Amino acid sequence: MNGLIILLGIVLLFGVLYFEKKNRIPRIITKSFLSFLFVLTALLQPRPVPAYFHYLLVGLIFCLVGDVCLALPQKKAFMAGLVAFLLGHILYIFGFSSLVAVSNWFSPGVLILFVFSALV
């Protein structure tokens, strides 16, 4: 099943790239189906950590909505797409943080990375 999803994803990706400068409606359709494949893939995978799965699934749905909204020409749709992506990525953070205990969030390597990022 995963191979079929990958093959369909490749076909849809070529469709999105082909319609990028040509026609808006086919581009929106192919992009929406391509984003839906992420949701479908998540639904078909094993769920050893249910909390992580739920955060990830809802985040993927928000990002699907964001993809559709960003493809529409209206400014309000664009803003809604940005908000949907923001909410999706916040849910990804919650999902990833549910995999690791809070005490393990910060390590010397992460601290060095933050300090280096702030200085550069």
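Reply: Let us begin with a definition: helices (H or I, at least four residues) and strands (E, at least two) are DSSP runs, numbered from the N terminus. S35, for instance, lies in helix 2 (residues 24–44). Residues are numbered from 1 along each chain as its sequence is written. Please note that this is a predicted model, in which local features need pLDDT of at least 70, side-chain atom pairs count only at pLDDT 80 or more, and totals for chains, interfaces and linings use all residues, while side-chain values use heavy atoms, with hydrogens and water left out.

Me: Is S35 buried or exposed?

Reply: Buried means under 20% relative accessible area, exposed over 50%, and partly exposed in between (1.4 Å probe, protein chains only). S35 has 5% relative accessibility, so S35 counts as buried. Across the protein chain, buried residues make up 26% of the 120 residues.

Me: Which residues does S35 touch, not counting residues up to four places away in sequence?

Reply: Contact means heavy atoms within 4.5 Å. With residues up to four places away in sequence not counted, S35 touches L64 and D67.

Me: How many helices and strands does the protein chain have?

Reply: The protein chain has five helices and zero strands. Its radius of gyration (taken over C-alpha atoms; the globule rule is 2.2 Å times the number of residues to the power 0.38) is 18 Å, well over the 14 Å that the rule gives for 120 residues, so the chain is more spread out than a compact globule.

Me: Which residues of helix 1 are buried?

Reply: The general idea is that an α-helix has 3.6 residues a turn, so residues three or four places apart point the same way. In helix 1, the buried residues are I5, G9, L12, G15 and V16. Seen down the axis of helix 1, these fall within an arc of 125 degrees (the arc of the directions from the helix axis to the C-beta atoms), so they line one face of the helix. Helix 2 is included in what covers them. On the other side of helix 1, the exposed residues include I6, L7 and V11.

Me: Which side chains meet in a salt bridge?

Reply: Side chains of opposite charge can pair when their charged atoms come close. A salt bridge is a side-chain nitrogen of Lys or Arg within 4 Å of a carboxyl oxygen of Asp or Glu. The structure holds one: the side chains of E20 and R27 meet at 3.7 Å, N to O. E20, at 38% relative accessibility, counts as partly exposed, whereas R27, at 16%, counts as buried.
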